[in-house]
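This briefing covers selected strand pairing and charged side-chain contacts. Please read it alongside the sequence and the coordinates.

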Amino acid sequence: MKSISRSKIKYTVPVVVVLAVGLVISSLFHTAVLASPVQPHFNHFLSTHAGQDDAYDDSNPGSPANGGSGAAVAASQEAYDNAAYPATSVGYNQTINAANSYQSVLNRQSSVNTRAATTASQPWQQLGPIQGNVPSQVTYTGRATTNSGRVTVIVVANDCTTASCRVWVGAAGGGIWATTNGLATTPTWTSSSNGLASNAIGSITIDPTDPSGKTLYVGTGEPNGSGDSEAGVGMYKSTNYGASWSLVAGSVSAAKDRSIASIAVDPKNAKHIYIGTAVARHGSSSVNGGRFTPPGAPVVGLYESLDGGATFKLVFSKESDVVNPPTVTGGDYFRGGVSKILFDRTGVAASQPSVVYFSVFDYGLYRSNGSAFEQVFASPGGGTIANSSTARTEFALAPHNGQLRIYLGDSGNAGGTADFYRVDNALVPAATLTNGTANPGWTKLSNATPGTPGFSSYNFCETQCSYDMVVASPAGHPDSVWLGGSMAYTEIFTATPPSNGRAVQRSINAGVSFTDMTNDTQSPPLGLHPDQHALAFVPGNPDIAITGSDGGVVRTSGTFANASSECANRGLTTAADLADCQLWLSAIPTRLYSMNAGLATIQFQSLTVNPKNPNNDVIGGTQDNGTWAYTSTPSSWFESVGGDGGQSVIDAGNTNIRMHTYYGPSIDVNFNGNDPNGWNYISDPLTASNESASFYVPLIGDPKVSQTMFVGLQHVWRTQDSGGQAAYLQQHCNELTGDFAAPCGDWVSVGQDLSGATYGTDKGGDAPATNYVVALSRAKESPSVLWSATRRGRVFISNNANAAAASVSFSRIDTAAQPTRFVSGIAVDPENPYHAYISYSGYNAYTPTTPGHVFDVTYNPTTGKATWKDISHNLGDQPITGVAYDNQKGYVYVSTDFGVLMLQGTSTWWVPAAPGLPRVAVYGLTLSVSGRVLYAATHGRGAWKLKLSV
């Protein structure tokens with residue numbers, strides 16, 4: 001099981017409620033020893049901040065985006081805003097133009113081959129993690145496992161057997177992956193994205209009219225209701241098991257700027273296809289969406305094609321949200337999106353058309369009736385704006401005895417609490433099922449009374465159903481139904497846990513009651529990840545389920561055991577809690593199997609190298625999957641600490657000293673290398689400052705002065721002893737064993753507040769809470785010089801960064817001629833501390849009078865002025881996510897949403913750095929001149945390494 005932190009924005013309960021839950025969890029943790037299913041010494045920061053990264057939300061009134069203080073903007077929304085600013089949305093044209101700009105560089109093939117050969121001694125190499133090992137200290141339960149990145153959809157071939165079983169997995173940022181031995185202990189995965197123009201996957205469907213099983217469709221864009229669900233670029237088709245894909249041209253006009261949440265092919269007619277579109281946003285990469293739907297986006301709804309996808313027509317839609325530009329979030333949430341489509345022929349004569357059922361965010365369930373559509377379940381959300389961010393409906397069809405049973409989950413009631421329903425025969429007039437408000441034809445199986453069977457399904461996806469809600473029933477087994485959602489944190493982060501977390505649940509009595517699938521019977525158990533998005537069954541075996549989550553793919557063994565005797569040891573004090581526990585644990589999986597080995601979809605934020613061993617020792621933060629460590633001898637990766645992973649540091653003088661960040665200004669230090677037991681919290685002064693900060697704060701170590709580190713909030717902050725004395729931090733602040741009876745950390749602010757009016761009112765100075773420091777950089781041979789930049793484009797230099805804190809000063813060196821856009825990177829020349837390359841995210845289209853993506857900048861300390869030279873040349877209008885400089889060769893490298901490019905010396909043409917890197921968003925570059933190596937942190941395909949020529 002993975003850690004609790006999630007860097008997505010689900011737009012669910014009010015922030016005050018989230019914080020209240022977090023405080024309750026924190027109190028319980030400090031006053032009592034945690035009991036099974038959580039290991040006694042689980043990470044302190046994560047256990048006391050369960051789910052609180054959702055409070056770092058633009059919809060939080062106290063967040064910087066709303067002029068508040070003390071919280072950061074959530075990562076996905078922040079990254080989207082960084083790419084869009086000063087506009088409020090990133091449109092389809094910008095996304096396509098950026099892709100075309102990158103492709104135009106690739107098209108200079110003859111030049112590419114010549115130039116790339118002089119840059120690298122070999123192609124890009126995949127560093128991993130290919131097998132993402134998670135040690136016992138990092139999991140909830142205390143059992144080691146393997147993990148991969150976020151999975152949004154799973155499809156299993158109809159002819160799956162133990163000898164040969166094709167499985168396809170869609171990842172949020174890693175594209176399509178496939179295996180032919182899905183039931184093996186360790187399946188063999190291969191990337192299957194050839195031809196796809198997007199790595200954000202929302203749906204996969206096997207064409208039921210092709211008996212060979214070779215024909216598949218994939219819908220791009222992620223439909224889960226979150227701020228980082230990236231919009232897609234249409235639907236694709238494969239006729240060779242997914243080995244290659246081609247665009248279904250007619251889908252673009254229907255699905256651009258949206259996600260394709262579901263695809264359904266008529267089992268009677270291969271040319272009859274429905275797609276359901278849902279709200280999603282273009283962002284800075286395949287997994288960074290955002291808030292504002294751009295103008296001209298097609299209406300979300302149900303689209304139909306009668307010609308195999310050559311054209312699509314909108315045949316059903318309900319009112320959806322409209323962008324309100326003055327608001328922080330845009331106000332356009334998820335209502336009206338079609339989340340699932342299924343054809344059904346139960347009770348239908350052979351000569352009659354198939355009936356199609358589909359669910360709609362905030363409205364409920366509908367079906368076709370001849371040439372029209374009718375509502376068969378009305379969501380309590382009622383299609384209201386108030387419920388747009390929380391209401392979702394999911395369903396499963398379960399034909400039996402010539403009738404059609406339907407299972408349905410819905411979160412449209414006040415607060416977004418999930419309820420569960422069933423109708424045993426839906427083949428009746430729609431008016432007997434619903435009157436458009438109430439649903440008299442349905443049986444509500446869930447209830448809020450502890451100790452009753454219906455409580456087992458109550459609130460099964462907690463308060464984030466728009467992000468993770470699954471309802472599934474295995475074909476041919478109408479009494480079996482499974483639910484997936486979020487972890488029930490309050491049921492496990494307590495001294496008296498009644499469940500194992502209920503991330504996934506199973507019923508075999510038609511949904512009357514459920515048992516908990518989250519942990520297996522091993523001691524300690526293997527557990528599931530908190531955020532579940534997909535579930536598929538092995539044909540012919542309803543008890544083998546494959547689940548997809550933010551932590552990858554896990555399979556159940558297909559056998560179950562009664563573990564209810566554990567309840568007697570959980571300190572449960574009420575008869576109701578004991579009854580609930582005994583029910584939930586009465587049939588749990590005997591085994592859960594991680595299927596993540598080889599599924600290389602980890603979403604890295606950044607990578608850091610050991611300056612004394614740059615080719616063999618790397619650490620890096622990842623979205624929702626912690627900070628990972630790599631060593632080359634033997635070649636292996638493991639997750640050193642859980643949660644969200646941002647920036648990291650390896651100390652220049654003592655490489656056993658390391659730092660990492662979670663989200664916001666939350667930092668740990670380790671004096672024992674990557675030891676999972678050695679992480680100590682050191683951020684009390686930063687959080688107490690109430691300064692605004694990025695979701696992933698910039699953090700660097702001094703390249704020459706050991707134990708001196710810098711972090712950016714509104715001020716630059718510094719520690720000169722790695723955050724505190726090792727013995728003190730180990731005693732009081734260790735994440736696993738500390739008593740937390742004393743303050744943790746000794747950061748001090750240096751110099752002035754760089755975000756506000758001290759340096760003018762331009763480039764964010766009139767709104768300092770949204771203009772925090774986003775980039776820091778230094779040169780090794782001049783520890784007194786520090787470069788920094790703020791979110792809206794200010795750039796500073798300090799000539800005395802190692803002086804007494806009150807004496808440190810900064811000079812602002814940008815001018816009105818440079819873009820008012822996000823500064824994504826600063827690469828300082830190792831030979832000249834006053835020379836650097838600076839990269840900008842965003843689009844020239846949004847700052848037409850001040851264009852530019854990469855600048856060569858030289859500062860004159862005598863005059864206090866800087867010269868700026870735009871070296872963007874043939875990059876086109878594509879956001880740059882990072883920059884690195886090889887002074888030995890004079891080459892500049894930049895990362896983009898599509899790969900890594902380079903500029904050689906005085907050339908005016910950017911070219912690919914080297915062949916071999918898949919088309920993927922690269923969030924950061926790390927270059928070691930001494931090691932002659934360049935690392936790329938990709939957001940969906942792991943870490944990659946390029947050996948540079950000498």
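With which residue does arginine 658 form a salt bridge? In this predicted model, the partner of arginine 658 is aspartate 617, and the closest N and O atoms of the two are 2.5 Å apart. Arginine 658 and aspartate 617 are both buried.

- A search of the whole structure finds 18 salt bridges, among them the one in which the side chains of arginine 405 and aspartate 424 meet, at 2.8 Å from N to O.
- This pair also connects distant parts of the chain, with arginine 405 in strand 21 (residues 403–410) and aspartate 424 in the loop between strand 22 (419–423) and helix 7 (430–433), 19 residues apart.
- Arginine 405 counts as buried because its relative accessibility is 7%, under the 20% cut-off, whereas aspartate 424, at 30%, counts as partly exposed.
- Through salt bridges that share partners, Arg405, Arg422, Asp424 and Asp479 are joined into one network.

**The pair in the loop between strands 25 and 26**

- Glutamate 491 and arginine 502 bring their side chains together in a salt bridge, with an N to O distance of 2.8 Å.
- Both residues belong to the loop between strand 25 (481–484) and strand 26 (504–507), where they stand eleven residues apart, and the pair is counted as linking distant parts of the chain.
- Glutamate 491 has a relative accessibility of 10% and therefore counts as buried, while arginine 502, with a relative accessible area of 3%, is buried as well.

**Strands 16 and 17**

- Strand 16 (residues 338–344) is mostly covered, in that six of its seven residues are buried.
- The pairing of strand 16 with strand 17 (residues 355–360) is antiparallel and extends over six bridges, and within it lysine 340 has serine 359, in strand 17, as its bridge partner.
- As a general point for reading such a pairing, side chains in a regular strand alternate between the two faces of the sheet.

How values were computed: Residues are numbered from 1 along each chain as its sequence is written. This is a predicted model: local features need pLDDT of at least 70, side-chain atom pairs count only at pLDDT 80 or more; totals for chains, interfaces and linings use all residues. Side-chain values use heavy atoms; hydrogens and water are left out. Buried means under 20% relative accessible area, exposed over 50%, partly exposed in between (1.4 Å probe, protein chains only). Helices (H or I, at least four residues) and strands (E, at least two) are DSSP runs, numbered from the N terminus. Two strands pair if DSSP finds at least two bridges between them. A salt bridge is a side-chain nitrogen of Lys or Arg within 4 Å of a carboxyl oxygen of Asp or Glu.
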